[in-house]
Amino acid sequence: MINTIGYVFITLALGVSAYGSLAAWLGVRRNNANLVRSAQYATILNFVCVLVASGFLLRAFLADDFSVRFVWENSSQDLPLFYKVTAFWGGMDGSLLFWDLVLAGYSAFIAFRYQHAHRDILPMVLMVLGVVHVFLLGLLVSYSNPLATLVPAPDAGRGLNPLLQHPAMAMHPPALYLGYIGFTIPFAFALASLIQGRLNNDWVVSTRRWTLTAWYFLTVGQMLGGEWAYEELGWGGYWAWDPVENAALMPWLTGTAFLHSIMMQEKRNMMKVWNMSLIIITFGLSIMGTFIVRSGVLNSVHAFAQSEVGPVFLVFMAVMMSVAFVFMFRRMALLSSRHTADHLLSKESTFLLNNLLFMGVAFTVFLGTVFPLLAEAIRGTKLSIQAPFFNTLAAPMGTLLLFLIGICTLIAWRHSSWDFLLKNFRLPAAVAFVAATLMAFMGVNKINGLLMLAGAVFTASVLVMDFVLAVRVRKSQHQTGAALATLNTILRNRQRYGGMVIHLAVVFMFVGFAGSYFNSEKDMTLAPGQSGHMGDYTLTMKEMLEVPSGNATLRGAVLEVYRGQDRLEDMFPAHSFYPTRPEPLTEVALYRTLREDLYLALASENPDGSVTLKVRINPLVMWVWLGLPLFTLGYMLAVSHQPKHLNA
Amino acid sequence: MSKKVQIAIAVLFVLGIIGAIVYQGRETTVYFQTPAEVLANPKAFTNKTIRIGAMVAPGSMVWDAAQVQLRFSLTEDGKQALPVVFSGVKPDMFKEGQGAVAEGRLGEDGVFRADQVLVKHSEEYKTKAKDHKDKAEMTRSLVK
């Protein structure tokens, strides 16, 4: 009964957003301010309805109301409170509701925040957002009602998949959703500008922070996913070019390209058609990501629950993208830009190259992901495209991008001279060369890894050099102390230095990626008292141990670990057994340092009392995760910058 | 720099990427085969990386912990079975009577040497009793 009320609110929200969309459209057509006003209020009402409906679902989780099918599927009485809350997005129905909730909040905010600054396009923005709402709410009302009930109500829930009971995994889906949802906002502004034919740079300037936010969350979402895979899946890595991973990576790549190319429009009034296309593609790929994840068309280790909504997403994506592109071609004349890159040695060129590389990687990932599907549909052959394909293509492009960060930082707009470049790049290039030579002598013998590390040193030294120079200039101009000058340099140009910190994060991550070329792995079987060696490490099996942990029981081997002569803390690779699940899960034991991770996964416990372990040494992995706090800092700096010419 | 030169550079670049993709695609694409296909014509598959998606034959699994070696057979119909040896640890949830994918090469001796063994584990932990109604169907879903 009570859950039916929640469902009624979802239905109400559907009606309200359909009305809002229509009212906004008619308001513009008939030039009727009252209709537009009512569309604005509809966004608030829509948000309230979705919020109430979400409240009902949350209540069902907290009250262990297993008469709600979605709660029964994803929760159980013994689940810790934190995971009862995060189980909200543990399956598709709740995820969609969460998605719509966030979008509804954004819509209501936009409806009033931009009512003066964007009086001309706002109604159409609301119209576009309304259409997305109608789509999502339509799914929630029909295919995937999160408040659907079971009669009779089961006594106990099936429990949240234990694999998902991990802090990183609890936050990974909402972060990705915030990314996908976020790209809806610049898309809506872009489409509204196209429909209205108001094609100045306003939509780019005022959605810059929305784009940045979407991009940040998509980044975080993927990093959390990688961290989770690394700790929880036990195969030893954090990225496998799995279709579901690729699905999240593609909008990230095009979104990153967009984030860079809109600077060209902002600063040089260039690439308008390109930017339009990029945001349309990014939005489309965000929707396709959901389609790939939910439809199960692609062979994936993630193996999500399959459902009929997959094709619906594909149709929605096709319709939205077609409409947007049709409008773009109709407005082509308004999108022409007078400027081009004047000279090969210019900042413009590096931006163009940056975009080509990002699109190159995106295209590679796209083909590698959908080609097996096409081959099967057309020729009936089953084939598989695995990590080597993606690695051999994406790694060189990625390394080029890494060098490009450094080059782009120092090169000037419009025109640079060779003399200028030689003068500025002498020091970073020398530092990178010396570092690479040293590393080569120290045994860094894989060319790909070495190039990545050289790129990281080069770009890091450019970034540091550039910053030090800026501080020094400020110090002499303002006669202030070093600390104050440093602080002011950053705060006076938050957009630039936010970007710089983010680029530093990228450098850190590439150091981690380079490390993966030097991973080593060995499987060993150890009886109690027996020792095994791997690199500098000596592992001695002490005993088997069984300990309770949360709602599970851990059973694993206690190992005494030495690195050289130093005794480290004992390690405990184990299996965890959950009462609701038949199969044990791997619980990895990790010893992490900046230099390398020692990674132990328990493969099997053998009848003779010995255990078989998968032992890995993964150099430099920590650097990948160190990127995360830097991304956050850089994002906060960049997003706090208010666009000047449009105080909106 | 004229617009034409810019476009020429961009086009060359794009063609380069496409060329690299096609080349790499041919080098790294791995085809799925069934055990029956391989057993019918082993010569065609020797020393070529392929993937076998099928069911682990009941009673065929031998786990040698000391050597860290897993031996099993893959079958679709329970009659024709392809012997597989994998020098590595048993993946979680790897079981007889369940689906698995082995990637590797067929040796001259007719034994398939896997570099990788994958198990498709479902997020849905429904009771499996009814899911096995059609083994061929299950195998098909697995290689998809």
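Accessible areas come from the Shrake-Rupley method with a 1.4 Å probe, and for residues only the protein chains shown count as cover.

The model on display is predicted: local features need pLDDT of at least 70, and side-chain atom pairs count only at pLDDT 80 or more. Residues are numbered from 1 along each chain as its sequence is written, and chains are lettered from A in the order in which they are written.

**The nonpolar patch.** Select F363(A) together with I7(B), V11(B), V14(B), L15(B), I18(B) and V22(B); these residues form a nonpolar surface patch with about 570 Å² of accessible area together. Helix α1 of chain B (residues 3–28) supplies the largest share, 6 residues. Helices are DSSP runs (H or I, at least four residues), numbered from the N terminus. Within this helix, select V11(B). V11(B) counts as partly exposed because its relative accessibility is 43%, given that buried means under 20%, exposed over 50%, and partly exposed in between.

**Two loops with positive phi.** Proceed to N31(A), in the loop between α1 (2–29) and α2 (33–62) of chain A. Its phi is near 55°, a positive value in a residue other than glycine, and at 70% relative accessibility N31(A) is exposed. Next, select N269(A), between α9 (243–268) and α10 (272–295) of chain A. The phi of N269(A) is near 60°, and N269(A) is partly exposed, at 23%.

**A cis peptide bond.** Finally, select P152(A), in the loop between α6 (122–141) and α7 (167–196) of chain A. The peptide bond from V151(A) to P152(A) is cis, with omega near -5°.

Methods:
Side-chain values use heavy atoms; hydrogens and water are left out. Patches are made of residues with over 30% relative accessible area and no salt bridge: like charges are joined within 9 Å, nonpolar side chains (Val, Leu, Ile, Met, Phe, Trp, Tyr) within 5 Å. A salt bridge is a side-chain nitrogen of Lys or Arg within 4 Å of a carboxyl oxygen of Asp or Glu. Buried means under 20% relative accessible area, exposed over 50%, partly exposed in between (1.4 Å probe, protein chains only).
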